[in-house]
Amino acid sequence: MFEDAKLLPPDPILGLSKLFQDDPRSEKIDLGVGVYRDLNGRTPVMKAVAKAETNVTAAQTTKAYTPVDGAPGFGPAILDLVFGADSPILSAGRAAAVQTPGGCGALRLAGELLNSQGAASLTLGAPTWPNHIPLLSAAGLKINSIPYYDRDANAVDFEAFKAGAAKLGPKDVLLLHGCCHNPTGADLSPAQIDEIAAMAAAQGFLPLVDTAYHGFAKDLDTDVYMIRKFSAELPEVLITYSCSKNFGLYRERTGALIIVGASADRALAVKSQATSLARKNYSMPPAHGGAIVAEILGDPALSALWREELSEMADRVRGNRRLLAQTAQDFGLHNRLSFIADQAGMFSLLPLTEDQIGALRDQHGVYVVGGGRINLCGVNETNVKHLISSFKAVTE
Ligand code: PMP
C-alpha cells in the first residue's frame with residue numbers, strides 16, 4: 001500500500017518555530033506562529049477557562065457520547081454570543097449551530113455541506129489564511145481566487161474584490177473573514193460590508209463568514225457586524241467559528257458551524273445535513289472545550305471575567321500595533337509602517353520580498369512567515385527597536 005508514499009516536507013510555519021528555537025542569538029524575535037502570546041511569550045490558560053474547567057470536571061458524571069451537534073448548551077450559548085440574546089434571527093429560529101473540532105473542523109464541514117448541496121464554486125480573496133485552500137478543496141469544492149489586498153497600498157483593494165464578486169451568482173459561495181483578516185489585518189469597513197450584502201442579495205451568492213478572532217478587533221458586538229448584517233439582509237448565511245483564540249482553547253479543538261436559513265424549517269433541515277456529514281466523518285466533536293465555553297457563557301461572573309481577559313488581550317495587541325508604528329516613525333521610516341496601527345487582529349503583512357524575509361531571519365534573527373506575515377503578539381518595548389532597525393537594514 002505505502003511503498004510509494006513520499007515523505008512530505010514539514011509545515012512551513014511549524015518549521016519556522018523549530019528554526020527559531022534552535023537559534024542561539026539572544027536578540028532573536030519570533031513573529032511567526034499564529035497564537036496569542038503575552039508579554040513573556042506564553043500562551044496562558046485564561047482564568048475564566050481554568051475556573052470553568054474545574055466546574056465542568058466536578059459536575060461530570062459520565063464520558064458517554066454527546067449528541068452529534070456537540071456539548072449540551074454549547075450551540076445556544078454560541079448563537080447568543082454571535083447574534084445577541086435578543087436577536088430577531090434567533091427568535092425566528094433562523095440560526096442553528098453544530099459544534100465542530102475547531103474552526104478547521106467547521107470549515108471542512110462547511111465545505112462538505114456546500115459540496116453536497118451542489119455548490120458551483122467557492123471564491124476567496126487573496127491572500128488568505130493558507131489553510132483555507134487545502135481545507136476547502138479537500139472537501140471537494142472548486143476554489144477561485146480574486147484580489148483582496150493591495151500590497152503597494154497596504155490596504156484592501158475593494159474595487160478589485162468587488163469586481164471579482166460581481167461575477168458570482170446562485171450556487172456560488174464567497175468566503176469572507178468576519179474580522180481580523182488573516183494574514184493582512186485589513187478588514188472591510190461597515191460600508192463595504194453593506195455593499196457586499198447588497199451584491200449577495202441582488203446576485204444570489206452565499207456568503208461564508210470565517211470568524212476566528214471574535215473580540216480581537218474592537219469588541220464582541222462590533223466584531224460581528226458582518227455576520228449580523230448578512231443575516232438580517234440575506235436569506236442564507238454560513239458562519240465558521242473558532243473558539244481557539246478568544247477562549248484560548250486551541251488544543252481542545254472547539255468551534256462551530258453556524259447555519260442561518262431562510263426560515264426555522266430551512267435552518268433545521270440544513271443542520272440535519274451537516275450533522276449527517278459529521279456523523280460520516282468524526283461522529284461527534286470532543287466535548288471538553290464545548291462544555292467549558294457553555295459553562296463560561298452560562299455563568300454571569302465567569303462570562304464577565306472572560307470578557308475582561310479577552311479585552312485585555314485585544315488591548316495588548318492594539319498597543320503593540322501602535323508601538324511598532326510609532327517606533328518606525330522614530331526611526332525615520334516616514335509612514336511606511338503607519339498602516340499597521342490602523343489594522344485589526346493579531347496579524348499584518350510587512351512589505352517585504354522573500355529575499356528580505358530571509359535576510360531578516362539570517363542576519364538579524366527576526367522570524368517572519370513567508371509572504372511577510374507578522375504576529376503582533378511577538379512585539380514588545382524591549383525588542384521593537386531591534387525589529388525596526390532590522391527592517392530598515394534589509395529594506396534600504
Ligand atoms: N480561520 C482562520 C482565518 C484562522 O486563522 C484559523 C486559525 N489559525 C482558523 C480558521 C482555524 O482555527 P482552529 O485552530 O480553531 O481550527
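Q: Where is Pro 183 placed?
A: In this predicted model, Pro 183 sits in the loop between β7 (172-177) and α8 (190-203).

Q: What kind of peptide bond joins Asn 182 and Pro 183, cis or trans?
A: The bond joining Asn 182 and Pro 183 is cis, with omega about 20°.

Q: And Cys 180, where does that lie?
A: Cys 180 is also in the loop between β7 and α8. Its phi is near 55°, which is a positive value in a residue other than glycine.

Q: What about the bond between Ala 126 and Pro 127, cis or trans?
A: Ala 126 and Pro 127 are joined by a cis peptide bond, and omega there is about 0°. Pro 127 belongs to the loop between β3 (121-126) and α6 (132-138).

Q: Switching to confidence. What pLDDT does the protein chain average?
A: The average is 97, and 100% of the residues score at least 70.

Q: What ipTM and pTM does the predictor give the complex?
A: The ipTM is 0.99 and the pTM is 0.97.

Q: OK, the ligand. Which residues come nearest?
A: Gly 102, Gly 103, Cys 104, Ser 242 and Ser 244 come nearest, out of 13 residues around the ligand.

Q: Which helix gives the most to that shell?
A: Helix α5 (residues 102-116) does, with three residues.

Q: How does the shell around the ligand split by class?
A: The shell has four nonpolar residues, eight polar and one charged.

Q: Now helix packing. At what angle do α2 and α12 pack?
A: Helix α2 (residues 47-59) packs against helix α12 (residues 300-330) at an angle of about 150°, and their axes are 8 Å apart. The two helices are therefore roughly antiparallel to each other, since the cut-off for that label is an angle over 145 degrees.

Q: Which residues meet there?
A: From α2 the residues are Lys 47, Ala 48, Lys 51 and Ala 52, and they meet Leu 302, Leu 305, Trp 306 and Glu 309 of α12. The residues of this contact between α2 and α12 comprise five nonpolar, no polar and three charged.

Q: What about α2 and α11, at what angle do they pack?
A: For α2 and helix α11 (residues 287-297) the angle is about 105°, with the axes 9 Å apart. That makes α2 roughly perpendicular to α11.

Q: Which residues of α2 and α11 meet?
A: Ala 48, Val 49, Ala 52, Glu 53, Asn 55 and Val 56 on the α2 side meet Ala 291, Ile 292, Glu 295 and Ile 296 in α11. By class, the contact of α2 with α11 has seven nonpolar residues, one polar and two charged.

Q: Last topic, annotation. Which residues does the UniProt domain cover?
A: According to the unreviewed UniProt entry, the annotation "domain: Aminotransferase class I/classII large" covers residues 27-390.

Q: How much of residues 27-390 is helix and how much is strand?
A: The span is 45% helix and 15% strand, and its end C-alpha atoms lie 11 Å apart.

Key:
Residues are numbered from 1 along each chain as its sequence is written. This is a predicted model: local features need pLDDT of at least 70, side-chain atom pairs count only at pLDDT 80 or more; totals for chains, interfaces and linings use all residues. Axes are lines fitted to C-alpha atoms, for helices over the stretch in contact, and angles run from 0 to 180 degrees between N-to-C directions. Helices (H or I, at least four residues) and strands (E, at least two) are DSSP runs, numbered from the N terminus. Angles under 35 degrees count as roughly parallel, over 145 as roughly antiparallel, 65 to 115 as roughly perpendicular and the rest as oblique. Two residues are in contact if their C-beta atoms, placed from the backbone, lie within 7 Å. Ala, Val, Leu, Ile, Met, Phe, Trp, Tyr, Cys and Pro count as nonpolar, Asp, Glu, Lys and Arg as charged, and the others, Gly among them, as polar. A residue is near a molecule or strand if its C-beta atom, placed from the backbone, lies within 6 Å of it. pLDDT is the predictor's confidence in each residue, from 0 to 100. UniProt positions are given in the numbering used here, feature names are shortened, and annotations may be inferred rather than shown by experiment.
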